[in-house]
Amino acid sequence: MKKILFAFFAVAALALTGCEKKGIDIMSLDVTQLDNTEFKCWKWTVKNSGFMDGTVYVWDTEANVVTVLQATYKTAQLNHYKPVIAYEATPADDKEGCESKNEF
């Protein structure tokens, strides 16, 4: 019985420690507290939204990026999807350099 119990806990531990990046809770961010003046290159990734999945590079402020991602999240949930969203600043000196990173 102990062996079965230990095996069960080992499987549960492996399942709970997956190495896939889960994203952030985009809805917990307060847009009014984010920078709305400095433009940067932002990389965002959306998975399981049903309509806007993929990675996009945009030249914008953090506040605007989060506003778009929050709207994406809300729309996906209305359509019964559970999106995973992540975003981060990436190096680029200007809009053209940033948007040239897109593969479309």
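**Exercise 1. Is threonine 90 buried or exposed, and what does it touch?**

Step 1: Threonine 90 has a relative accessible area of 15%, so it counts as buried. Here buried means under 20% relative accessible area, exposed over 50%, and partly exposed in between, with a 1.4 Å probe and protein chains only.

Before going on, a word on the model: it is predicted, so local features need pLDDT of at least 70 and side-chain atom pairs count only at pLDDT 80 or more, while totals for chains, interfaces and linings use all residues. Residues are numbered from 1 along each chain as its sequence is written, and side-chain values use heavy atoms, with hydrogens and water left out.

Step 2: Threonine 90 sits in strand S3. Strands (E, at least two residues) and helices (H or I, at least four) are DSSP runs, numbered from the N terminus.

Step 3: List the neighbours. Leaving aside residues up to four places away in sequence, threonine 90 touches Cys41, Trp42, Lys43, Tyr57 and Lys101. A contact is heavy atoms within 4.5 Å.

**Exercise 2. Work out the order of the strands in the open sheet, then look at how S1 joins S2.**

Step 1: The three strands are ordered S2-S1-S3, and the pairing is antiparallel. Two strands pair if DSSP finds at least two bridges between them.

Step 2: Find the edges. Strand S2 (54–60) and strand S3 (84–90) each pair on one side only, which makes them the edge strands. From one strand to the next, the twist averages 20 degrees; axes are lines fitted to C-alpha atoms, for helices over the stretch in contact, and angles run from 0 to 180 degrees between N-to-C directions.

Step 3: Zoom in on S1 (residues 40–47). Seven bridges join it to S2. Along this pairing, valine 46 stands opposite glycine 54, and cysteine 41 has tryptophan 59 as its bridge partner.

Step 4: Check the turn. The hairpin of S1 and S2 has six residues between the strands, and asparagine 48 takes a positive phi there, near 60 degrees.

**Exercise 3. Which cysteines form the disulfide, and why is it right-handed?**

Step 1: Searching the whole structure turns up one disulfide, defined as a pair of cysteine sulfur atoms within 2.5 Å. Cysteine 41 is joined to cysteine 98, S to S 2.2 Å.

Step 2: The torsion about that S-S bond is about 75 degrees, so the disulfide is right-handed.

Step 3: See what gets linked. Cysteine 41 is in strand S1 and cysteine 98 is in helix H3 (residues 95–99), 57 residues apart.

Step 4: Check the burial. Cysteine 41 is buried at 1% relative accessibility, and cysteine 98 is buried too, at 0%.
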